[in-house]
Amino acid sequence: MIRLPRLARAASALITPLTPEDFLALFNPVFSARQLRGVVTRVERETENSATIYFRPGSGWHAHRAGQWARIGVELDGVRHWRSYSLSAAAGQDPAITVTDAGAVSNVLVRNTRPGDVLFLAPPQGDFVLPEHPRALLMLTAGSGITPVMSMIRTLVPRRPDADVVLVHSDRTPEVSLFREELNELADQFPNLRVTHWFTEERGRLEFTAAGLDGLCPDWRSRAAYACGPEGFLDDAEVFWAAESALPRTDPEPGAADPGSLTIERFSTSLAGGAGHDGGLVTFEASDREVEADGETPLLDVGEDAGILMPSGCRMGICHSCLLPLRAGQVRDLRTGEVHGDPGQLIQTCVSAAAGPVNLDH
Amino acid sequence: MTTTLTRPGALAASGHPLVRPPAARHLTDEQIAELGVELDAIRDDILAKRGATDAAYIRRVIKVQRGLEFAGRGALLFGRNRAAWIAGTTMLSFAKILENMEIGHNVLHGQWDWMRDPDIHSTTWEWDFVTPARSWQHTHNDLHHRWTNVVGKDRDVGYNLLRMDADQPWTPFNLGNPLYNAMLAPVFEWGIALYDLELPEYNEGLKSKADLKRDLKAMGIKAVKQFTKDYAATPAVAMLTGSGKQALYGTLVANAVRNVWAHAVIFCGHFPDGTDTFTEEMVEGETRGDWYVRQMIGSANISGSKLMHLMTGNLSHQVEHHCFPDLPSNRYAEVAVRVREICNRYGLPYTTGPLPKQVASTWAKVFKLALPDKGFFKKKKTTTP
């Protein structure tokens, strides 16, 4: 293996400015070392609107921890689009994402992905992971929020007899509820997992109250809680935990979860903070592009629409993959409406819009 | 939501340039504004259509080019065999032409940036040409495309070497015009590399020493790599089959073929009869419509088959390329039909012709401008007291 790079270097002398990978990629796209790709190996329909996509990643990928997510790039009408999806496979297994059709990108993934298709990838990341030391767990999930938790359950339950997991999963109906049968089978087979399905069409919205939780999981106070689901669901959980017990900590040290702590994973962020404001001329200095932007469009989208290669990640202000240095001007945080900006400051372009003219070092 | 401007502030919102080019003097400001709107509409149309088929097109061209490059260079390694040498040299010549023209030139213009593919992007692409991509983008995209055919501003008018416009003052050096041009053609890539260093700009104090040093270093590194690939590494590997010398001849010929071809095509872009050059007064106060007019009457097309368009990198649609430098090249053919119709309707010249005719026309200019203009000596006499 040590001689391969040397051989590759020698071969490069023959084909500069191309690299050996440029030629190998003609035969197998996964060989590209510059861009991490994966080949879809299997697609399994989960529900009417969701599917699990298994893929074989190229080199540069690293094994995921249960609960992590990865950025997936797909091409829609010739244009590369990136989104983040939770990995649903158990840690140690071949990676797979479970996607629910909720937008242009997820629609293509759910409806039009076939084995052999190529996905663009970024290695797994995220802090929504299992505690390092065994603990009793309470998982609260809603809708597609079950996805990272499914990875945790698949990782923990069959392998660790000492695990103690209670899952409360809320969904509209049994038909749309992801992994329902597998969860029931796991709960039958392993005494260390208890599953409650809460179908809102029958029982109404799952409210976070002490009495309600006592009914679902009497010892909930002594468990480390994990929640993942739509924004309202998580906001409710956060408010409830804040009121009931210790302060909620959205970013705990793995394994250091206090009794009654709540770890949450968000899937979306409300970007209402920019409504009704003026934008300005955005200058991407290194790219030598200038674009007129309104006050509500994230700078990331502004750059991408202008054909600039923008670093990007979660697109909701969490992962900090999209940071760019500000050279001049002010930006508005679309989550809070706060206007800020010092030269040299790193800007989260996915949740920041122009507040007047803005120069970015990119 | 957002709109992209190529050069905000560079164009006047309304009005007219200090002097309008003669070919467009019959048009009113309103007509020129209308023409600008019509051309903008063509661009918007193509942007709306641009998609998966275009992406598939450029990827297919790249695939074919790499296949030719691989097979051609591979065949040259067995160049002792005459058939292998001919096949190898031919394939490598085609590969190099495709690489420079339909792929390199157009990718470096940002024609494919919209795909957001980091492997096919104007900011990451490097090409099989001596001049580094970034240096060329500066002199070509920034300077030539902005100042197209403005004598004194667009140094592509003669590349600091040739007298290509009657408004460029004649000196005895220009007597060598045909000789320089003939010598330039087979080593065109080295000429462009030298040109991109902008030595005259440095001498005139328009380019800093630090910038020149940076460009020199980048070019040096690139030149060594390019030279090594074609004239050392390939022949060295070919020596294993006893074909070292033949492989060297093969790469020399392929580079020369590409250089002569690129030189011919590029000279047909702005120098044939019928293309106009402009004074700085004609740019001052230019509106978007006037800018389009200058691009159209300052450029010339080459007519021909689909293969011809491909091998010229669609610079055979130079008029359309200059109006819309960052539209994907595979769209220029359909754009051309509409641009030509607009030119006809507004009474503007639309210069086009088959390659031999256009090449002959540029060479005629090269010869003609080697000599001083009629009245050159007379004028001199009258101005001497």
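A: The answer goes through the strands and then the helices beside them. The model is predicted, with local features needing pLDDT of at least 70 and side-chain atom pairs counting only at pLDDT 80 or more, while totals for chains, interfaces and linings use all residues. Residues are numbered from 1 along each chain as its sequence is written, and chains are lettered from A and ligands numbered from 1 in the order in which they are written.

Helices (H or I, at least four residues) and strands (E, at least two) are DSSP runs, numbered from the N terminus. Two strands pair if DSSP finds at least two bridges between them. In chain A, five strands make up an open sheet with parallel pairing, in the order S9-S8-S7-S10-S11. Strand S9 (193-199) and strand S11 (262-266) of chain A are at the edges with a single partner strand each, so one side of each has no neighbour in the sheet. From one strand to the next, the twist averages 15 degrees; angles run from 0 to 180 degrees between N-to-C directions, and axes are lines fitted to C-alpha atoms, for helices over the stretch in contact.

Five bridges join strand S10 (residues 224-229) of chain A to S11(A) in the parallel sense. Opposite Cys228(A) stands Glu265(A) in S11(A).

Helix H4 (residues 146-156) of chain A packs on the sheet and touches S7, S8, S9, S10 and S11 of chain A; contact requires C-beta atoms, placed from the backbone, to lie within 7 Å. The direction of H4 makes about 155 degrees with that of S8(A). Helix H5 (residues 180-189) of chain A lies across S8 and S9 of chain A, at about 145 degrees to S9(A).

How values were computed. Two residues are in contact if their C-beta atoms, placed from the backbone, lie within 7 Å.
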